[in-house]
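Colleague: Can we go through this model together? I'd like to start with the ligand.

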Amino acid sequence: MSFNCRSLIKGTYFPPGDKSISHRILILAGQVIGKSKISNLLQGDDVINTLKAMKLLGVQIFKTDKHYEVFGIPPGGLIQPKKIIDFGNSGTGIRLISGLISSNNIEVKLIGDSSLSKRPMKRVTEHLSKIGATIKLRSESFPPIKIKGTGNAVPLTFEILIPSAQIKSAIMLSALNTNGTVKIKEFKTTRDHTENMLKSMGYNIKVKENSLHRFIEMKNNQDLKTINYNVPGDPSSAAFFISAACLKPGSKLIVRNILFNKTRVGFIKTLKKMGGNIKVIRKRKIHNELIADLKIEQKKNLNSTTLESVDVPLQVDEIPILSIAASFADGLSIFRGLKELTVKESNRLLLIHKNLKKIGVKSEIKNFDLYIYGNHNLKKGAGVIKHDDDHRILMSFFIANMICKKNNIIKDKSCVKTSYPTFFKHIYQFSN
Ligand code: S3P
């Protein structure tokens with residue numbers, strides 16, 4: 001069965017395990033003495049690299065038929081790894097584990113692939129240096145990261161000026177082995193899985209929010225407890241199929257067990273605003289995370305929308321697929337304040353713009369705002385997609401085949417394994 005402009009999306013779909021939660025549960029279960037169990041861990045390369053990193057740092061992790069078993073070591077007990085740690089493509093892995101290492105008395109070199117080697121790390125390491133870690137970066141900004149951690153981290157108050165869960169989580173992980181109270185002020189739009197997981201594991205953490213900011217206080221005077229964790233489905237992966245279903249009237253998709261944390265489902269709000277017929281059919285809370293089942297029953301074409309900068313962090317990874325939705329929605333859509341997209345796995349803002357042109361959609365970039373001139377006519381397609389091995393760009397422009405007369409040409413599709421190894425299997429399963 002081919003995937004093209006006649007395709008509809010139909011069926012009952014379980015998205016793969018959430019990437020952000022998979023990284024965090026491996027790291028945090030790795031900081032508890034005793035056995036934790038993790039099921040539905042994402043099998044993407046990014047997460048497997050974090051798993052390997054935790055093993056190199058002394059954590060024992062075993063895979064059984066049904067789950068992973070993690071036998072952790074207490075905060076401060078990381079062992080000196082014998083090798084350089086390679087994080088592949090993963091910004092989350094390298095940044096979070098930099099935080100963990102920085103308050104342990106070990107010396108480590110962290111590297112990544114050519115994309116990760118171009119991504120800014122100073123945004124994280126400038127905070128970690130303040131607790132007493134000695135950190136060197138290539139050209140003062142990029143990986144390799146050389147860290148000499150401190151066993152005597154200074155408890156500080158941090159204010160984070162970029163809305164980034166990776167910066168916050170790196171600081172929070174350093175706090176696990178910091179005596180005293182660590183305080184963080186950040187934008188409340190960033191994902192809060194580290195906070196939720198620490199609460200579920202019995203840690204002494206307080207979280208407050210006002211209309212713009214979140215305030216976190218951590219004290220390492222209560223041991224973490226072991227946990228049995230079933231990783232919920234990844235909304236950022238499901239976004240490809242949910243958006244695809246909304247693109248095509250006649251589609252009908254049930255989504256089961258999707259993570260429904262409000263910091264992650266901004267794209268659902270955006271699609272609904274555009275006329276996407278998405279309904280929550282069940283909701284529950286497990287380990288402080290909201291999880292839902294959804295029904296998408298699309299009856300009409302989408303309309304254009306405007307997304308304001310403050311709402312971008314709530315859907316930062318979904319802008320590429322939302323730009324495909326906007327291309328097939330009647331009218332001008334504007335996504336404002338996309339500067340962070342320029343420092344993701346690729347310069348996503350530029351690649352979205354260039355690839356839209358290749359498939360026959362007019363767009364403009366003005367001061368990090370993206371303008372997309374959409375309509376629900378089929379696009380010419382047959383574009384040679386430039387994805388720079390960025391998984392989300394590739395998957396978005398593969399979904400774009402649904403709105404093109406001729407399929408686009410996408411060479412080397414292997415980067416989907418970063419976050420969604422079963423993407424093409426699911427395309428085959430749910431397209432009709
Ligand atoms: C992530 C946070 C986001 C997101 C990334 C995963 C996380 O990055 O883009 O895919 O798991 O913390 P930033 O925190 O840098 O915005």
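Colleague: What is 3.0 Å from a polar backbone atom of Gln-166?

Modeller: An oxygen atom of the ligand. That is a polar contact (a pair of N or O atoms within 3.5 Å; within protein, one must be able to donate a hydrogen and the other to accept it, and residues adjacent in sequence count only if both atoms are side-chain atoms). Note that this is a predicted model: local features need pLDDT of at least 70, side-chain atom pairs need 80 or more, and totals for chains, interfaces and linings use all residues. Residues are numbered from 1 along each chain as its sequence is written, and side-chain values use heavy atoms, without hydrogens or water.

Colleague: Which N or O atom is 2.7 Å from a ligand oxygen at Asp-317?

Modeller: One in the side chain of Asp-317. Lys-344 also has a side-chain N or O atom 2.7 Å from an oxygen of the ligand.

Colleague: How much of the ligand's accessible area does the protein cover?

Modeller: 95% of the 380 Å² that the ligand has on its own. Areas come from the Shrake-Rupley method with a 1.4 Å probe; for residues, only the protein chains shown count as cover.

Colleague: Which elements give two or more residues to the shell?

Modeller: α1 (19-29) and α5 (165-175). Helices (H or I, at least four residues) and strands (E, at least two) are DSSP runs, numbered from the N terminus.

Colleague: New topic, backbone. Which peptide bond is cis?

Modeller: Pro-143 to Pro-144, with omega near 0°. Pro-144 is in strand β8 (residues 142-148).

Colleague: And what about the phi of Ser-139?

Modeller: Positive, about 50°, although Ser-139 is not a glycine. Ser-139 lies in the loop between β7 (134-138) and β8. Most residues other than glycine have a negative phi.
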